[in-house]
Amino acid sequence: MLMKQTRGSRKRSRTHDAHSMKRESDRMLRKQALFEFANQSVFAQQPSFYCDSPYTCPLRPLDLFKLEFDRILSQGELNQPSYLMGQRLLLNIYEQDLVFLPQNGKLALTEFRTFYHEEVRRAGAAIRPMLERHVFGWLDEEISISGNWDIDTFKAYADQELDRIAKAPSRLINCISTSRNPENTARFFLIQCASDFLSEASAMARNVLGNFGTDQSELFKILIDEYGYGVPQKKHSVIFESLMTQCGLNPAVHYYWQFYTASSLALTNYFHYVSANHQHFFRYLGALFYTEASLALVTRAQSQAMRLAFSDTVDTLYFDEHTHIDVHHGKMALERLILPVVQRYGQQVLPDIIRGFEEFRLLQDLADADLFSHIAWHDSLAAGQPALLPQLQSNARSSSFHECRDELSVTHVHGCTELFVVNRGTLRLVCTPFTHLDLAAGQHVVIPVGMLHGSVITSEQCSYTVTSMEQSS
Amino acid sequence: MKVIHLPLDSFNSLAVGETKYFLLQNGAKLVLAPSQCPHRGGPLHFGRRTTCAAKLVCPWHNNAYAIQSMERRALPAIRHGNYIAIVTENEDIRVWSELLPINQDQLADENEP
């Protein structure tokens with residue numbers, strides 16, 4: 001018996017070792033694929049904060065050495081650098097499935113070929129599940145659906161949530177009207193929308209192929225509304241381009257890539273995430289219903305916010321169109337897609353539908369809160385920097401950097417609140433295309449955790465020190 | 001219908017009208033399961049889990065019920081962080097806390113009847 005147990009335990013131990021080796025080998029392969037993907041020239045450091053082509057979306061690959069994507073972030077860690085990096089990587093990966101051609105006529109063929117290259121696509125496909133788990137895995141922990149749901153209880157729940165949105169005063173209107181510069185605040189909001197709206201409904205298009213009967217036709221009808229029935233001027237992305245232009249923004253796809261917050265990218269990526277793998281199709285339907293039904297309610301306020309910021313100088317058709325058409329799309333998603341799907345396939349599909357509804361609602365709430373936090377920080381910077389250096393702990397982590405003129409640090413976030421002090425020379429801290437702070441030797445700024453910013457050196461030489469303000473134990 | 005949001009640290013038992021429910025951990029999910037045994041109405045919330053933890057045993061007649069199937073009679077609920085939202089037609093709702101050994105890990109290794 002003893003002998004048998006020993007053999008058994010040896011066998012188990014060998015199996016355990018084999019599994020550990022396989023896990024380690026898979027981890028190394030993913031790491032290799034990650035570097036292979038991120039080190040492509042199209043994702044490298046750029047000389048500007050603006051992206052001239054849809055294929056050159058910088059990733060700051062130098063940061064990859066410090067980041068770990070093999071674990072699931074918690075909701076409290078969404079302000080961390082790996083969340084932003086994960087979302088940036090994912091959008092680049094998802095968008096390799098979409099067709100982008102620059103509308104300014106300047107097609108850089110080498111960039112085009114690199115972005116869509118087979119090996120880059122393969123590397124992206126190898127790391128995609130890891131990244132999805134890293135940035136969206138927390139939703140599994142945060143939200144769970146249980147019990148005996150039917151279509152009536154789901155409708156009651158959805159009605160209550162949508163009613164809450166309809167009755168709530170618009171935080172966007174309040175934020176824009178009370179900000180120091182309503183026009184630039186409105187522009188920052190539009191930039192956050194741009195990662196999605198300039199290729200609007202691309203994720204939806206992933207779901208219309210195949211064969212799923214009449215439901216497929218219903219989804220297709222929503223898609224053709226989004227794409228303007230083959231009339232360019234009616235295409236939602238074109239209407240949004242026009243709004244951007246009128247607001248003094250560049251409407252080229254991803255021109256403002258470096259200014260997308262991680263939480264805005266998460267909204268675009270979530271739809272790709274639940275659409276790229278059709279095992280999540282029912283989650284997609286729930287998220288689609290939430291976004292269409294809620295947009296019908298919030299776009300009225302968004303339209304008003306634009307008028308507040310720009311008076312009558314801009315045409316708010318983009319938001320007005322959604323106020324109208326998304327009433328239909330919300331109804332269509334519920335009555336002609338979700339109800340028939342549940343009737344046909346039973347209540348077994350409802351938990352995923354509810355989960356999609358709830359997950360996207362949460363992501364939208366987080367994105368709104370993050371937008372307002374960023375705007376509050378931009379306003380505080382515009383109000384002037386504090387005169388006194390904050391107290392630092394004696395053992396606080398600190399790093400010094402020495403850079404030359406025009407050296408640009410691609411926008412990023414810090415994992416903790418940090419004190420940024422210029423020791424020599426000058427630099428410009430850039431937070432949005434319209435918010436920057438010029439700092440000279442001896443000047444400082446506190447950069448809160450999770451706040452997107454970059455910098456560019458404006459003197460021949462510059463040195464600066466970044467010190468953690470985190471309370472160490 | 002009514003949607004009610006409750007903080008999870010404020011209760012583990014709930015009555016909707018005359019029907020009682022209790023919070024039951026089902027893997028990663030929290031389920032608001034019916035307290036009444038379908039056999040003779042025994043207190044399932046005082047039951048114990050089987051060894052595999054997949055079944056709940058009624059303390060009265062030792063009938064074992066798959067927790068998965070109990071979920072089909074559970075209240076429709078969404079757990080969102082430390083809150084749970086439930087949807088119910090009856091607005092007469094009461095919540096309270098009591099000692100529920102069923103959710104304590106040490107009982108998970110009891111023998112299957």
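Predicted model: local features only at pLDDT ≥ 70, side-chain atom pairs only at ≥ 80, totals over all residues.
**Entry 1. Chain A overall**

I began with the secondary structure of chain A and noted 15 helices and nine strands. I then looked up its extent: along the principal axes, the C-alpha atoms fill a box of roughly 85 × 70 × 45 Å. For the radius of gyration I noted 24 Å, which agrees with the value near 23 Å that a compact globule of 473 residues would have. Buried residues account for 42% of the 473 residues in chain A. I also checked the contacts between residues at least 6 apart in sequence, and in chain A 81% of these join residues at least 24 apart.

**Entry 2. Helix 8 of chain A**

I next examined helix 8 of chain A, which covers residues 182-197. This helix has 16 residues and reaches 21 Å from first C-alpha to last, close to the expected 22 Å at 1.5 Å a residue. I asked how many of its 16 residues are buried. The count is 14, and I recorded helix 8 of chain A as mostly covered.

**Entry 3. The four-stranded sheet of chain A**

I traced an open sheet of four strands in chain A and wrote down the order 2-9-4-7, with antiparallel pairing. Which strands stand at the edges? They are strand 2 (398-404) and strand 7 (444-447) of chain A; each has a single partner strand, so one side of each lacks a neighbour in the sheet. On average, neighbouring strands of this sheet are turned by 25° against each other, direction ignored.

I followed one pairing to the level of residues. Strand 4 (residues 418-424) of chain A runs antiparallel to strand 7 of chain A, and four bridges join them. Within strand 7 of chain A, A:Val445 is the bridge partner of A:Phe420.

**Entry 4. Two loop residues of chain A with positive phi**

I looked up A:Arg60, which is not a glycine and yet has a positive phi of about 60°. I located A:Arg60 in the loop between helix 1 (2-38) and helix 2 (81-95) of chain A. Is A:Arg60 buried or exposed? It counts as buried because it has 21 C-beta neighbours inside 10 Å, and the cut-off for a buried residue is 20 or more.

I then turned to A:Tyr229, another residue other than glycine with a positive phi, here near 55°. A:Tyr229 lies in the loop between helix 10 (213-226) and helix 11 (236-246) of chain A. With 9 C-beta neighbours inside 10 Å, A:Tyr229 counts as exposed, for which the cut-off is 12 or fewer.

**Entry 5. Chain B overall**

For chain B I noted one helix and ten strands. I wrote down the order of its elements from the N terminus as β-β-β-β-β-β-β-α-β-β-β. The C-alpha trace of chain B spans about 40 × 30 × 25 Å along its principal axes. Of the 113 residues in chain B, 31% are buried. Among its contacts between residues at least 6 apart in sequence, I found 56% joining residues at least 24 apart.

**Entry 6. The four-stranded sheet of chain B**

I traced an open sheet of four strands in chain B, ordered 4-3-2-10 and paired antiparallel. Strand 4 and strand 10 (93-96) of chain B are its edge strands, each pairing on one side only. Neighbouring strands of this sheet are turned by 25° against each other on average, direction ignored.

Here too I followed one pairing. Strand 2 (residues 13-16) of chain B pairs with strand 10 of chain B in the antiparallel sense over four bridges. In strand 10 of chain B, B:Ile93 is the bridge partner of B:Val16.

Strand 1 (residues 143-146) of chain A pairs with strand 8 of chain B in the antiparallel sense, over four bridges. In strand 8 of chain B, B:Arg79 stands opposite A:Ser144.

Definitions and conventions:
Residues numbered from 1 in each chain as written. Chains lettered and ligands numbered in written order. Contact = placed C-beta atoms within 7 Å. Pairing = 2+ DSSP bridges. Expected span 1.5 Å × (residues − 1). Rg over C-alpha atoms; globule rule 2.2 N^0.38 Å. Axes fitted to C-alpha atoms, helices over the stretch in contact; angles between N-to-C directions.
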